[in-house]
Amino acid sequence: MSKLNIGQILNDVKASQLKANVLDVHTGDWVVVSEKIIEGNKTRIQKFEGIVMRVRGEGLQTTFIVRKDVSGVFVEKSFFLHSPLVVDVKFLKHTPVRRNYISYIRNSKKKITM
């Protein structure tokens, strides 16, 4: 009788849940994230457009934070890249940045536009 390799079983389960056609997201990218919103019996797709402030994790745990301007108020939202609720991520433009986490744009007085 052979031993069960728990690590191999976990890797197989995680690999089965990874999305195949995922965009490689980087800090400083302008993206449009289409997210599935479930309200009672209905589902709809909501788009969230903004700049990627941070990408973190690897594999199934990859998350990214997107910041957008809504009528002068900035909104930040975190997404799991391989979540079934994230329908699509579309790349619009890349802004060159030197840091992995661009938290300094929170203190910026200028409006950040694409």
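## Overall fold

Read from the N terminus, the elements of the chain follow the order α-β-β-β-β-β. That gives 1 helix and 5 strands in what is a predicted model. The chain has a radius of gyration of 17 Å, well over the 13 Å that the globule rule gives for 114 residues, so it is more spread out than a compact globule.

Along the principal axes, the C-alpha atoms occupy a box of roughly 65 × 40 × 20 Å.

## Burial, surface and contacts

Of the 114 residues in the chain, 26% count as buried.

## Asp 29

Asp 29 belongs to strand S1, which covers residues 29–39. The residue is buried but has no salt bridge. The nearest side chain of opposite charge is that of Lys 93, 10 Å away; a salt bridge would need a side-chain nitrogen of Lys or Arg within 4 Å of a carboxyl oxygen.

A polar atom of the Asp 29 side chain does lie 3.0 Å from the backbone nitrogen of His 26. Leaving aside residues up to four places away in sequence, Asp 29 touches Asp 24, Gly 50, Ile 51, Val 52, Phe 91, Lys 93 and His 94.

Key:
Residues numbered from 1 in each chain as written. Predicted model: local features only at pLDDT ≥ 70, side-chain atom pairs only at ≥ 80, totals over all residues. Heavy atoms only, no water. Helix = DSSP H or I, 4+ residues; strand = E, 2+ residues; numbered from the N terminus. Buried < 20%, exposed > 50% of the residue type's maximum accessible area, 1.4 Å probe, protein only. Lys, Arg positive; Asp, Glu negative; His and termini not counted. Polar contact = N/O pair within 3.5 Å; in protein donor to acceptor, adjacent residues only side chain to side chain. Contact = heavy atoms within 4.5 Å. Rg over C-alpha atoms; globule rule 2.2 N^0.38 Å.
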